[in-house]
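Trainee: I would like to go through this structure and ask what lies behind each label.

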Amino acid sequence: ALTNRKRIFLMDEVDIFFNGGFYGNSYTPIARLVDPTITDVVNYIWSLSKDNFNFSLSKILKSNQLIACKNRFYQYSNVIE
């Protein structure tokens with residue numbers, strides 16, 4: 001059975017997303033990363049929604065979940081922040 005799950009879209013380069021060359025066009029991802037550390041980061045961010053999303057980026061950047069994800073993908077740690 002299909003379940004209705006909330007989704008979260010983590011994105012870098014928001015300015016590119018909303019520029020005239022992209023805005024209104026289709027978004028077609030070419031890769032999908034699946035890893036428990038990524039799932040943990042997303043679940044952590046969603047858990048913060050119980051506090052009406054009362055959090056800051058610095059809190060997320062210091063979280064154990066994001067640190068573990070950055071360690072797992074150390075070669076990409078500069079783009080994970």
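Mentor: Residues are numbered from 1 along each chain as its sequence is written, and side-chain values use heavy atoms, with hydrogens and water left out.

Trainee: How do you know where confidence is lowest and highest in the chain?

Mentor: From pLDDT, the predictor's confidence in each residue, from 0 to 100. Helix H1 (residues 14–17) has the lowest mean, 63, and H4 the highest, 94. The chain averages 77, and 62% of the residues score at least 70. Where pLDDT is low, the predicted coordinates should not be read in detail.

Trainee: Which residues of helix H4 are called buried?

Mentor: In H4 (residues 64–72) they are Leu66, Cys69 and Lys70. Buried means under 20% relative accessible area, exposed over 50%, and partly exposed in between, with a 1.4 Å probe and protein chains only.

Trainee: Why are these three said to be on the same side of H4?

Mentor: They cover an arc of only 100° around the axis, so they share a side; the arc is that of the directions from the helix axis to the C-beta atoms. Asn64 and Asn71, on the other side of H4, are exposed. The buried residues pack against helix H2 (36–48), helix H3 (57–61) and helix H5 (77–80), where contact means heavy atoms within 4.5 Å.

Trainee: Why is the pair Asp35 and Arg72 called a salt bridge?

Mentor: The term requires a side-chain nitrogen of Lys or Arg within 4 Å of a carboxyl oxygen of Asp or Glu. The closest N and O atoms of Asp35 and Arg72 are 3.1 Å apart, so the pair qualifies. Asp35 lies in the loop between H1 and H2 and Arg72 in helix H4, so the bridge ties together parts 37 residues apart in sequence. A search of the whole structure finds one salt bridge.

Notes:
This is a predicted model: local features need pLDDT of at least 70, side-chain atom pairs count only at pLDDT 80 or more; totals for chains, interfaces and linings use all residues. Helices (H or I, at least four residues) and strands (E, at least two) are DSSP runs, numbered from the N terminus.
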